Amino acid sequence: MEDCDFAVRRWNDLDIDILVKIFQSFSIFELTSGIAHVCSAWRMACCDPLLWKTLDLSILKSNFIKIPLEPYVYVDGRSDKELTRVLKLSLSLSRRNILTLIFHVNLYVSDDQLTYTAERCPELKRLVLPAWNRIKKSGICKAIQTWKNLESLTMPSIANPPYLMEEISKNCKNFSELKIMGPCEILCASSIVTYLPKLKVLSLRCSMLLKDVLIILLDGLQHLEVLNISHCLLYEVSPPPAAKRLVRELDHFILERASRLRKFITCMKDTCIMCQRTKNDEGLMRWYKYEEGLWKADEVSSLAL
């Protein structure tokens with residue numbers, strides 16, 4: 001019998017497109033585990049732009065404890081080092097191709113980590129920000145100045161919103177979508193109207209909302225097309241000594257103003273689980289109590305993760 005010769009192909013001879021397809025199923029931990037150092041072909045595949053359109057860090061959470069002084073959280077050193085390691089490796093492999101950046105709502109990013117990231121993904125269009133605790137005004141402003149192409153932002157509530165909205169207005173000319181995860185108060189609403197008058201999509205779901213704030217937004221944002229106030233606690237404030245009153249149904253005054261919108265998304269049902277959760281948390285959702293990843297949800301498809 002004649003000997004049969006079998007052609008043996010090596011892993012590094014595998015077509016780059018096939019490698020990229022395989023690597024697309026890998027997690028961020030797997031992509032940054034060292035596979036790029038296997039050979040030149042694997043390195044090339046690991047750097048393919050298809051793998052890095054989105055940098056999803058929502059599987060990373062900080063190990064932290066709450067403290068009484070600023071920044072009101074103490075982040076475990078190993079947790080911080082792991083985030084820095086993943087950022088450095090992923091931002092090196094991505095070669096400035098990241099368009100969407102997602103941080104977990106309970107990932108406490110520092111100023112240095114945020115500015116390092118901003119400098120290495122300048123083409124960013126969609127940003128999901130983590131908690132503000134360790135991010136200072138100078139840090140977020142420096143990052144926003146880098147992200148000239150930013151179009152969409154998901155963020156927690158902020159104590160001093162005017163400077164952030166103004167920074168976005170000055171630097172991000174195509175900005176059109178905003179989601180605030182937390183109460184939007186009168187100062188915040190006024191800042192949005194003043195600095196982001198061309199905003200097209202706004203989501204305030206699962207938070208406490210004053211009727212006056214809703215009116216400011218509906219009257220001031222003439223280019224607004226989509227507004228989501230699903231599962232919000234809507235309050236009406238009357239002159240003293242009357243207490244604020246929970247609004248259980250939208251009146252004609254609000255509905256008339258919202259009629260020009262392409263989509264006005266609401267839910268104020270006692271039978272709705274999310275409405276019940278907002279009420280139980282008094283308009284400040286404690287997402288850690290609920291299903292993992294629930295915080296990513298949104299009735300506006302472009303804002304859901």
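**Figure 1. Val226 stands opposite Lys263 in strand β13.** This is a predicted model, in which local features need pLDDT of at least 70 and side-chain atom pairs count only at pLDDT 80 or more, while totals for chains, interfaces and linings use all residues. Residues are numbered from 1 along each chain as its sequence is written, and side-chain values use heavy atoms, with hydrogens and water left out. Strand β10, residues 226-228, pairs with β13 in the parallel sense over three bridges. Strands (E, at least two residues) and helices (H or I, at least four) are DSSP runs numbered from the N terminus; two strands pair if DSSP finds at least two bridges between them.

**Figure 2. Eight strands form an open sheet with parallel pairing.** The order of the strands is β1-β4-β5-β6-β7-β8-β10-β13. At the edges stand β1 (54-57) and β13 (263-265), each of which pairs on one side only. On average, neighbouring strands of this sheet are turned by 5 degrees against each other, direction ignored. Axes are lines fitted to C-alpha atoms, for helices over the stretch in contact, and angles run from 0 to 180 degrees between N-to-C directions.

**Figure 3. Strand β1 has one covered and one uncovered face.** Which residues of β1 belong to the covered face? They are Leu55 and Leu57, whereas Thr54 and Asp56 form the uncovered face. Strand β1 runs parallel to strand β4, residues 100-103, and four bridges join the two. Within this pair, Leu55 stands opposite Leu101 in β4.

**Figure 4. An annotated domain covers residues 17-57.** The annotation "domain: F-box" comes from an unreviewed UniProt entry; such annotations may be inferred rather than shown by experiment. The span is 44% helix and 10% strand. Its end C-alpha atoms lie 25 Å apart.

**Figure 5. Helices α8 and α9 pack with their axes 9 Å apart.** Helix α8 comprises residues 186-195 and helix α9 residues 211-220, and the angle between them is about 5 degrees. The two helices are therefore roughly parallel to each other; this term applies to angles under 35 degrees, with over 145 counting as roughly antiparallel, 65 to 115 as roughly perpendicular and the rest as oblique. Helix α8 contributes Ile186, Ala189, Ser190, Ile192 and Val193 to the contact, and helix α9 contributes Val213, Ile216, Leu217 and Gly220. Contact means heavy atoms within 4.5 Å. By class, seven residues are nonpolar, two are polar and none is charged. Ala, Val, Leu, Ile, Met, Phe, Trp, Tyr, Cys and Pro count as nonpolar, Asp, Glu, Lys and Arg as charged, and the others, Gly among them, as polar.

**Figure 6. Three strands form an open sheet of mixed pairing.** The order is β9-β11-β12, and the edge strands β9 (208-210) and β12 (245-246) each pair on one side only. Three bridges join β9 to strand β11, residues 233-236, in the parallel sense. Here Leu209 stands opposite Leu234 in β11. Helix α9 packs on the sheet and touches β9 and β11. The direction of α9 makes about 70 degrees with that of β9.

**Figure 7. His223 lies in the loop between α9 and β10.** How far apart in space are His223 and Ala242, which are 19 residues apart in sequence? Their C-alpha atoms are 35 Å apart. With a relative accessibility of 45%, His223 counts as partly exposed; this class lies between buried (under 20% relative accessible area) and exposed (over 50%), calculated with a 1.4 Å probe on protein chains only. Leaving aside neighbours within four places in sequence, His223 is in contact with Pro197, Lys198, Leu199 and Lys200.

**Figure 8. Arg277 is found in helix α11, residues 273-280.** Is Arg277 buried or exposed? Its relative accessible area is 17%, so Arg277 is buried. Apart from neighbours within four places in sequence, the contacts of Arg277 are Met285, Tyr290, Glu291 and Leu294.

**Figure 9. Helix α6, residues 137-146, has buried residues.** They are Gly139, Ile140, Cys141, Ala143 and Ile144. Their cover includes α5 (111-120) and α7 (161-171). In the protein chain, which has 305 residues, 48% count as buried.
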